[in-house]
Amino acid sequence: MTTDTTTKDTAPGASAPGTTVLDARGVTMRFGGLTAVRDVDLTVSSGEIVGLIGPNGAGKTTFFNCLTGLYVPTEGEVRYKGKVLPPKSFKVTAAGIARTFQNIRLFANMTVLENVLVGRHTRTKEGFWSAVLRGPGFHKAEAASRERATELLEFVGLAAKADHLARNLPYGEQRKLEIARALASEPGLLLLDEPTAGMNPQETRAAEELIFAIRDQGTAVLVIEHDMRFIFNLCDRVAVLVQGQKLIEGDPATVQGDERVIAAYIGEPLENDPGAAEAAEVEAAEAAAEAEAEDEAATDAAPGKENDR
Amino acid sequence: MTTQTTASTTAAAPAATTPTGLIGIPPHIGRALATGGSVLAVISTFLAWTWTSAFPGNLTVYGYPGGLQVLVLVGGALATLFALASYGVKGLGWLTPAGADAAVKYATLGTFATAWYTVLAISFDLGGLVNLEPGGYVVAAATLIALLGALALPFERPEPDPFDPDDTGWERFKHNTGHNLAILRAAFAAGSPRPVRALPSYAEILIIVAVLALALVVFTYGIGTEYDELFVGFLITAGFGFSALHRSGLITQASQITARHQNITVCGAFIAAACFPFTQTDDQYATLGVYILIFATVALGLNIVVGLAGLLDLGYVAFLGVGAYAAALVSGSPSSPFGVHFPFWAAVLVGAVASLVFGVLIGAPTLRLRGDYLAIVTLGFGEIFRIAVNNTDGTSGPDLTNGSNGIASIPDLKILGFDLGVQHEIAGFTIGRFANYFFLMLLITAVVVLVFRRSGDSRIGRAWVAIREDETAALAMGINGFRVKLIAFAVGATLAGLAGTVQAHVTYTVTPEQYLFAGTTPPNSAFLLAAVVLGGMGTIAGPLIGAALLFLIPNKLQFLGDFQLLAFGIALVLLMRFRPEGLIPNRRRQLEFHEEDDAPAVLSKTGA
């Protein structure tokens, strides 16, 4: 799908829509005898939201870690805007891929603003001497960083809490702060690891809005999530990972209707199971209705109604 | 503490009981007793407490308090002021922005402790209570009355948790003890102080000057205490007095004011410190001053490594040693194999660069390790340095450091024709050799403070804190963890080397045995770390105060003798149990360790 949104406020790391941002080819990750990820291909284009789903233990987070340099893939390569990613996570961030963590990893004892300022690290250069000597360049860079950080806090709606300690924020706001911190590094691709885990429906809605807003600024987004409704509403494309292998990739409707996906999540349906078809129908209809009611993403999800098999 | 049992029974019927004190005296009588007792204690310091001047400090004179009596006088005066403020006496309201009762309790407790310590010390030293003059009995009685009165002051009792009927006797006992502790804590707790009024800035600066002057007086008094008893009394009075001031809310207000004028406060603190040699008539205590300053400066350098970047360095004193040896080798000392005599600026550069090189050499391979491993490697490096220096004596190794004899007779420094080794007359004050070095060392301290403040509040400082908080997340934020940690390590090493260059000249001699991991005399690695932890990690004032205490206590309390390290260990364990964030807590740390307290959510920039 192509984005029809007008990128009025383009993020600094963004590139023209449609170009391939992330290109993972044949990524395989082995831990000793265990193959956690096997030969996974995935591409993400700019201005796109791609979802990565799969049952627990399917290797989603491992694949994420391969993309962010925490792990070096045993085989295969990951390219970001045509360049092979360096094997260190801080270099990956400098290259333009930022991430959040499944279990929130904020700097708990730093303030909200400081957390975002840390995210600015790769985009500023002031070193030790500059800090000690405090020339005009230092003050200018510091002021610019603060301004950008404050903008980001306004963007995620935390500007009023800039001086609070990160640990004292409520759960949903910690998630938002993590996103703001990741955005501070001006990424071209944002990786979100279960951004709505533990959120209530209202917070999930807000997170969805936020991710659309990030996409609209031109940043590509790759999301791992368990919440199916969330992912099918949100994503332009969804890839399913089962036991370390990519099962299927496609638009939400296709994926939602795929038998293998349902089998992977719920288990194999019985032969001639009388309830299964109806159940799937109801579920799909519900999802579609939900999507329709909620936002314009429904225009993509609506064709999914035909998938009543 | 028999009253607590009644408290837990009344709690069964949660009626709004009027708050009572720990002791069953009506509060108004208690308040009167506290005031009267404190006044009486003040008066009693003008009486003779003992008949002979055999007890140090001469407490035999009527009308002129001496020695420990002065401390009781100060404590009593403080208690009296707080007690009068608790009556709402006009003009004293500013003393107690957070309520007077808790402050009265602490002040009377401090006065009581000092007075009874004095009386008991007299009885023990001179062999019996008969050695007390009436004044001694008066002060004992007066301070006891004041304390009892203060304990009768009302406070909000915490609600006891309900009992679980299935509890065993032991659980019930634990439950009761816990509740009693909570009551005790509540008895001494203070309310939150009202925010300080906006004053014209000249008034605020005057307040800062007054606070700094007070600090200088207290420090000078402490360093100048001539005998063990007086120093113990000083510690008791200062400790409780500080707590009383803290409970009254004055300290909080003062730190709010200093936070508004951080630069003025820092400059003022250095001016106050520079005034110290002028308060001394001879070089005896200036010696202590300069040693404290060396120790404190190195501790502050370590605070960058430990407090900001969170790298546990157990061999830090080795960098001091590298700096000192480097300076000694180029100082023109006859025991140095190099027959060169560098000017001071060049020696400082050599010392700092040598430490920097060693810091990078040690850091580069070890900083890839995390946590405990780094601590072990640095501990090993500290020992390697000492042993290597011991062995490079020309027989077991190359002739470089003169082995265990060290490099002796290091000449005094001459800076721009100013000979630091001789006395100078400045404005009528005699400034001796150690006072000269005190000034020089103060400059080095200023450099370290500057580096600490500026680097801490910058991109690199935030990266250090981020690494300390969560290394994985910091890496994912694009921070080159290894590089940033190496910078912290190298900066810390360089600053220690800088202090080492001055230390070599102050002590005349550098030997390997000055740079141990643990010993009875600071600076050594264990004491340095203790000074940082005791004072408060990540702050500037913390390590300075921690170092001063850790230097003065073993130095003044010689009678502890072989038990010094034991006492030190016990004190450290107790401190970590009850105040893990250190004496001067970093705001972050305090929140980290006291999560359960409803701490203010906003982190303001308090404390210099």
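Student: Where does A:E194 sit in chain A?

Tutor: In this predicted model, A:E194 is in the loop between β7 (189–193) and α7 of chain A.

Student: Why is A:E194 called buried?

Tutor: The cut-off for buried is 20 or more other C-beta atoms within 10 Å. A:E194 has 20 such atoms within 10 Å, so it counts as buried.

Student: What is the phi of A:E194?

Tutor: About 50 degrees, a positive value, although A:E194 is not a glycine. For background, most residues other than glycine have a negative phi.

Student: How much of chain A is buried?

Tutor: Buried residues make up 47% of the 309 residues in chain A. As for its elements, chain A has 12 helices and 10 strands.

Student: Which helix of chain A comes within 7 Å of α3, axis to axis?

Tutor: Helix α6 (residues 171–183) does; its axis and that of α3 (residues 112–119) cross at roughly 35 degrees. The crossing of α3(A) and α6(A) is right-handed.

Student: What makes A:V112 part of the contact between α3(A) and α6(A)?

Tutor: Residues are in contact if their C-beta atoms, placed from the backbone, lie within 7 Å. A:V112 is among the α3(A) residues that meet α6(A), as are A:N115 and A:V116. The α6(A) side includes A:L177 and A:R181.

Student: How do the residues of that α3(A)–α6(A) contact divide by class?

Tutor: Six are nonpolar, two polar and one charged. A:R181 is in this contact, and Arg is classed as charged.

Student: How is chain A divided into domains?

Tutor: Domain 1 of chain A covers 17–96 + 187–279, and domain 2 covers 104–186. Their centres, taken over C-alpha atoms, are separated by 27 Å. The contact takes 11 residues from domain 1 and 11 residues from domain 2 of chain A.

Student: Which element gives the most to the domain 1 side of that contact in chain A?

Tutor: α7(A), with four residues. By class, the domain 1 side that touches domain 2 of chain A has eight nonpolar, two polar and one charged residues.

Student: What are the domains of chain B?

Tutor: The assignment gives domain 1 (19–159 + 204–256) and domain 2 (284–568). The C-alpha centres of these chain B domains lie 38 Å apart. Six residues of domain 1 of chain B are in contact with seven residues of domain 2. On the domain 1 side, α7 (201–223) and α8 (228–248) of chain B each supply at least two residues.

Student: How many residues of chain A are in contact with chain B?

Tutor: 32 residues of chain A, against 30 residues of chain B. On the chain A side, α2, α3 and α4 (128–133) each supply at least two residues. That side divides into 12 nonpolar, 13 polar and seven charged residues.

Note on methods. Residues are numbered from 1 along each chain as its sequence is written. Chains are lettered from A and ligands numbered from 1 in the order in which they are written. This is a predicted model: local features need pLDDT of at least 70, side-chain atom pairs count only at pLDDT 80 or more; totals for chains, interfaces and linings use all residues. Domain bounds come from an automatic or database domain assignment. Two residues are in contact if their C-beta atoms, placed from the backbone, lie within 7 Å. Axes are lines fitted to C-alpha atoms, for helices over the stretch in contact, and angles run from 0 to 180 degrees between N-to-C directions. A crossing is left-handed if the near helix is turned anticlockwise from the far one by less than a right angle, and right-handed if clockwise. A residue is buried if 20 or more other C-beta atoms lie within 10 Å of its own, exposed if 12 or fewer, and partly exposed in between; C-beta atoms are placed from the backbone.
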